[in-house]
Amino acid sequence: MKFDTVIIGGGLAGLTAGISLQEAGQKVAIVSAGQNAMHFFSGSFEEAGPVRERVSALFAAAGVRTNAIDGLQLMPMGKFQPVSLTLEDVTVFPEEHIAEKALIVNFTGFHDFYCTFLAETLEKAGTACRIRFVRLPEMEHLRTSPSEMRSVNIARVMDEYWEKAVSDIRILLGDEDLIILPQVFGLKDASVLDKIRTALPARVAFVGTMPPSVPGIRTQMLLKRRFEVLGGTFLMGDEVTSAALHEGVVSSITTRNLDTARLFADHFILASGGYFSKGLVATPTQVYEPLFGLDIDYPGERKDWYDADFFAQQPFMDFGVKTDPSLHAVKDGEPMKNLFCIGSVLGGTRKEDYGTAAGLAIRTAFAVVDTIKGGNV
């Protein structure tokens, strides 16, 4: 099978690149092993400023609404983080004093929403907080084991029973001017968020839970659908098993599900992620990239991989694939001619140029797309 571009990785970076190239008239395939960092997405794009309008337009075409607002996001563990672009689920505040009084609502048996941490942070900033719980009979079947009471399971129930939750919340509400709810709404129907905001008599803020991320999973589903509507080929639940390389050029790859069939392309983009998705692999003696054997930027001495202070920024998080200025992957000291790297497989090797986390994903994706579209490869 022949494509213009084959992308390895179906997360935020891979889908952003894939959609952009399909919109430009290319024939693109994405090979996706399955779960990726979008399932852990906070809903905000760090350092996205240079491409804020561009990513907002791409997302809007996929049915994903964003807020291009500078402000603060209240994180799951009760800290505030500066943001400039977020998904619609995220409430952006102008300052840490977000209300005079806040009602923090959780669902009985859901342990991944840390109400106490949120209340401690808000009270330090001058917001008086009350914590209350809602019990819905429709959720009882989710509690057969603790591991089943997760955000996505609740969200599947809430898409149908959000009105019952709203009724109970109205009863709990006193004189608070803000209601804080976990991000467990709108897994398949984002309009539920606006319906809840309209139905409650106080301002509503949706705050993230511990993973998995409901808005992240919904965003991935919508971006995948957009890619396929544009004519892209999405190989879900598949992984690359081998690559044909010769003199700095990748000619084709094979995947587990396609058996002996090969995917040929003019360009290949590696968006395989970091350690979590095994785009990078660490052993006690080395860190390596498993698909192409690319060069990794990291110190040889293991003592330099980590900081003894557990809460410090850990050096190994900055390890990543070496690239040239145009994000061509480097192998054996030489740039590959048609293999690019984007997203967290780069680690912190290019953060001065492209930022970190979600900002790194979208900015490197657009940079490589522009290079391929411009023919400057």
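Let's start with Ser213. Ser213 sits in the loop between strand 11 (203-207) and helix 6 (214-229). Helices (H or I, at least four residues) and strands (E, at least two) are DSSP runs, numbered from the N terminus.

A word on the source. This is a predicted model: local features need pLDDT of at least 70, side-chain atom pairs count only at pLDDT 80 or more, and totals for chains, interfaces and linings use all residues. Residues are numbered from 1 along each chain as its sequence is written, and side-chain values use heavy atoms, without hydrogens and water.

Is Ser213 buried or exposed? Ser213 is buried, at a relative accessible area of 7%. Buried means under 20% relative accessible area, with a 1.4 Å probe and protein chains only. A polar atom of the Ser213 side chain lies 2.9 Å from the backbone nitrogen of Gly216. Beyond neighbours within four places in sequence, Ser213 is in contact with Met38, His39, Phe40 and Phe41. Contact means heavy atoms within 4.5 Å.

Next, helix 5, residues 191-199. Val192, Leu193 and Ile196 are buried there. They cover an arc of only 105° around the axis, so they lie on the same side of helix 5. That arc is taken from the directions from the helix axis to the C-beta atoms. The cover over these buried residues includes helix 4 (151-172), strand 10 (178-182), strand 11 and helix 6.

Last, a helix pair. The axes of helix 2 (residues 52-61) and helix 8 (residues 357-374) come within 11 Å and cross at roughly 85°. Axes are lines fitted to C-alpha atoms over the stretch in contact, and angles run from 0 to 180 degrees between N-to-C directions. So helix 2 is roughly perpendicular to helix 8, a term for angles of 65 to 115 degrees. Helix 2 brings Arg54, Val55 and Leu58 to the contact, and helix 8 brings Ile362, Phe366, Val369, Asp370 and Lys373.

Key: Buried < 20%, exposed > 50% of the residue type's maximum accessible area, 1.4 Å probe, protein only. Polar contact = N/O pair within 3.5 Å; in protein donor to acceptor, adjacent residues only side chain to side chain. Parallel < 35°, antiparallel > 145°, perpendicular 65-115°, else oblique.
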